[in-house]
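Subject: Structure handover

Hello,

Here is the structure I promised to pass on. Please open it first, then read my notes below.

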Amino acid sequence: MVGMRRIVMAVALALTSLGSIAAVPLATATPSAANTCTISWASGVSGNWNSSALWSPARVPTSTDVVCIYASGTYTVDLTGSATVSAVQVSDGASGTQTLKVDGSSTNVDLSVGAASSVGSTGVLALNSSSSGGYSNISGAGGVTVTSGGVLSTSLTGTSVPAYIETPVTNQAGGTVTIGAPDTRQDSNTLTTNSGAFSVASSAKLSITGGSSFTDAAGSLTLTGTMSETGGTFTQSGGTESGNPVDLNDVVLADSAGTGSFDDIGSGGSVTGTIPVGQTVTVDGRVTNVSLTVTGVTDDGTLALTSNSSGGYAQI
């Protein structure tokens, strides 16, 4: 703000000295940090994030940098140690496929972003964990937006090591999020909003915990694997959910539009709004006693209660 005052004062002094010859437009404000690259991947070759010679300027990114991986070509930037940056932008529509790999093959790796970050139309942000190495994690308050053509994915080499999503994620129309790791966890009070293609692959699992929430606003949510949420709010306001149902444990289901299936499996959950045509909400007592609060709900779809003599009751 001090710098902007100095700019305005300088322009005013210049106009005073030159006279009122013509209207002089003031310079626009400096673009936000997320739009201003301070360091860029230098060329379309694969390499390690910590190789200073592969960056322009030739140094390793620091916590104040906006990191841009824009160079044309098909290549992978391999992050094998934790890093904190202001923001990261993978691809701006250049040719080829630009991949930033948060690579837990040797140790735990966390990429922390403080400002708005993005995965563009030819970009991939890949979280890869390894049972022989460690977890992979994207964290920070900045959040990641997956734009049309961009991809965010999780995978695991081996078994039992999580991939973590601990930053807000917005999957825009045309964007793709693929959960491929058997254990992917969204936590740290974050929100994922889907308007694109979001899928959990067969044998994969996405667990939403730690005060986090999910909004399915449009597009598709396809579950051949498992998706569960404990606590928080699941907002179903559009799009299609298909495959396995979403498991909700003590969750507020804020419902209004869209098709799909949701299983309430806890004792403190509720549903608000409207269960629309083409949607099923099941109070699932097959394993334990389950209750769901449905006060004031309009049921235009299906509200089902399922009990099991060897499990428990279901009630609303």
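Of the 316 residues in the chain, 42% are buried. Keep in mind that this is a predicted model.

**The chain overall**

The secondary structure comes to one helix and 33 strands. The accessible surface of the chain is about 13400 Å². Carbon and sulfur atoms hold 54% of that surface. Next, look at contacts between residues at least 6 apart in sequence. Among these, 46% join residues at least 24 apart.

**The disulfide**

A disulfide is a covalent bond between the sulfur atoms of two cysteines. How many does the structure hold? It holds one. Cys 37 is joined to Cys 68, with an S to S distance of 2.0 Å. Where do the two cysteines sit? Cys 37 is in the loop between helix 1 (2-18) and strand 1 (39-41). Cys 68 is in strand 4, residues 66-69. The pair therefore ties together parts that lie 31 residues apart in sequence.

Now turn to the handedness. The torsion about the S-S bond of Cys 37 and Cys 68 is about -85 degrees, so this disulfide is left-handed.

Are the two cysteines buried or exposed? Cys 37 is partly exposed, because its relative accessible area is 34%. Cys 68 has 0% relative accessibility, so Cys 68 counts as buried.

**Ser 139**

Find Ser 139 in strand 12, which covers residues 136-139. Its relative accessibility is 8%, so Ser 139 counts as buried; the cut-off for buried is under 20%. Which side chain does the Ser 139 side chain meet in a polar contact? That partner is the side chain of Asp 110, at 2.8 Å. Set aside the neighbours of Ser 139 within four places in sequence. Ser 139 is then in contact with Asp 110, Leu 111, Ser 112, Val 113, Glu 166 and Thr 167.

**Ser 213**

Ser 213 belongs to strand 22, residues 213-216. Is Ser 213 buried or exposed? Ser 213 has a relative accessible area of 15%, so it is buried. What does Ser 213 touch, not counting residues up to four places away in sequence? Its contacts include Gln 186, Thr 190, Leu 191 and Thr 192. Ile 208, Glu 229, Gly 232 and Thr 233 are also among them.

Best wishes

Methods: Residues are numbered from 1 along each chain as its sequence is written. This is a predicted model: local features need pLDDT of at least 70, side-chain atom pairs count only at pLDDT 80 or more; totals for chains, interfaces and linings use all residues. Side-chain values use heavy atoms; hydrogens and water are left out. A disulfide is a pair of cysteine sulfur atoms within 2.5 Å. Helices (H or I, at least four residues) and strands (E, at least two) are DSSP runs, numbered from the N terminus. Buried means under 20% relative accessible area, exposed over 50%, partly exposed in between (1.4 Å probe, protein chains only). Contact means heavy atoms within 4.5 Å. Accessible areas come from the Shrake-Rupley method with a 1.4 Å probe; for residues, only the protein chains shown count as cover. A polar contact is a pair of N or O atoms within 3.5 Å; within protein, one must be able to donate a hydrogen and the other to accept it, and residues adjacent in sequence count only if both atoms are side-chain atoms.
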